[in-house]
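Hi there,

Here is the structure I promised to pass on. Have a look at it first, and then read my notes below.

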Amino acid sequence: MHMMVAKPEQWVKPMAVAGANQYTFHLEATDNPGALIKDVRENGMKVGLAIKPGTTVEYLAPWANQIDMALVMTVEPGFGGQKFMEDMMPKVQWLRTQFPSLDIEVDGGVGPDTIHKCAEAGANMIVSGSAIMKSTDPRSVINLLRNVCSEAAQKRSLDR
Ligand SMILES: O=C(CO)[C@@H](O)[C@H](O)COP(=O)(O)O
């Protein structure tokens, strides 16, 4: 679950009870990320930590060894159909270099035209709304997104 909410602390238990297996919250929305990470784990869920475009990756870095997934927003949170922010890719690259086995997600404006940039930067989890929903062939778009990410990951592991 990507909790794009204020006060993410209050939804941990309800989401766990509802059956969520991962709880992603925004770093900007909490004063105590360490306590929230602990609470999510104690409630049996994986931890995702998201940053908005205006938040530098250095704020996320201290928590990276304690989380399962880092989410780099590639649009301002709010709604689908926005333009992909390519200038977020250095954040993804930096995280991939520093934390080779961390799951890194990108969300916003990701589709066939932008997936190569995301995958080459090191993203391995993709949120794609409009590009899939507005396609006449959603299955092939999903396959393309998946294949581009897998090929880039395979290349990275060969290069290591
Ligand atoms: O929730 C958000 C942004 O607030 C994203 O999850 C977008 O909704 C993804 O949609 P596209 O940008 O792919 O259309």
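Two strands count as paired here if DSSP finds at least two bridges between them. Please keep in mind that this is a predicted model.

Let's start with the sheet. Strand β2 (residues 22–26) runs parallel to strand β3 (residues 46–51), and 5 bridges join them. F25 has L49 as its bridge partner in β3. On the β1 side, β2 makes a parallel pairing over 2 bridges, and there M3 stands opposite F25. As for cover, 4 of the 5 residues of β2 are buried.

Taken as a whole, the sheet is open and has 6 strands, in the order β1-β2-β3-β4-β5-β6, with parallel pairing. Its edges are β1 (2–3) and β6 (125–127), each of which pairs on one side only.

Now the helices. Helix α4 (residues 89–98) lies across β4 (69–73) and β5 (103–107), at about 170 degrees to β5. Is helix α7 largely in the open or largely buried? The number of its 22 residues that are buried is 2, so α7 lies largely in the open. The length of α7 (residues 138–159) also agrees with expectation: at 1.5 Å a residue, its 22 residues should span 32 Å, and the C-alpha atoms at its ends are 32 Å apart.

Finally, the ligand. There are 16 residues around it, and those that come nearest are P77, G80, G108, G129 and S130. By type, the shell around the ligand consists of 6 nonpolar, 9 polar and 1 charged residues.

Methods: Residues are numbered from 1 along each chain as its sequence is written. This is a predicted model: local features need pLDDT of at least 70, side-chain atom pairs count only at pLDDT 80 or more; totals for chains, interfaces and linings use all residues. The expected span of a helix is 1.5 Å times one less than its number of residues. A residue is buried if 20 or more other C-beta atoms lie within 10 Å of its own, exposed if 12 or fewer, and partly exposed in between; C-beta atoms are placed from the backbone. Two residues are in contact if their C-beta atoms, placed from the backbone, lie within 7 Å. Axes are lines fitted to C-alpha atoms, for helices over the stretch in contact, and angles run from 0 to 180 degrees between N-to-C directions. A residue is near a molecule or strand if its C-beta atom, placed from the backbone, lies within 6 Å of it. Ala, Val, Leu, Ile, Met, Phe, Trp, Tyr, Cys and Pro count as nonpolar, Asp, Glu, Lys and Arg as charged, and the others, Gly among them, as polar.
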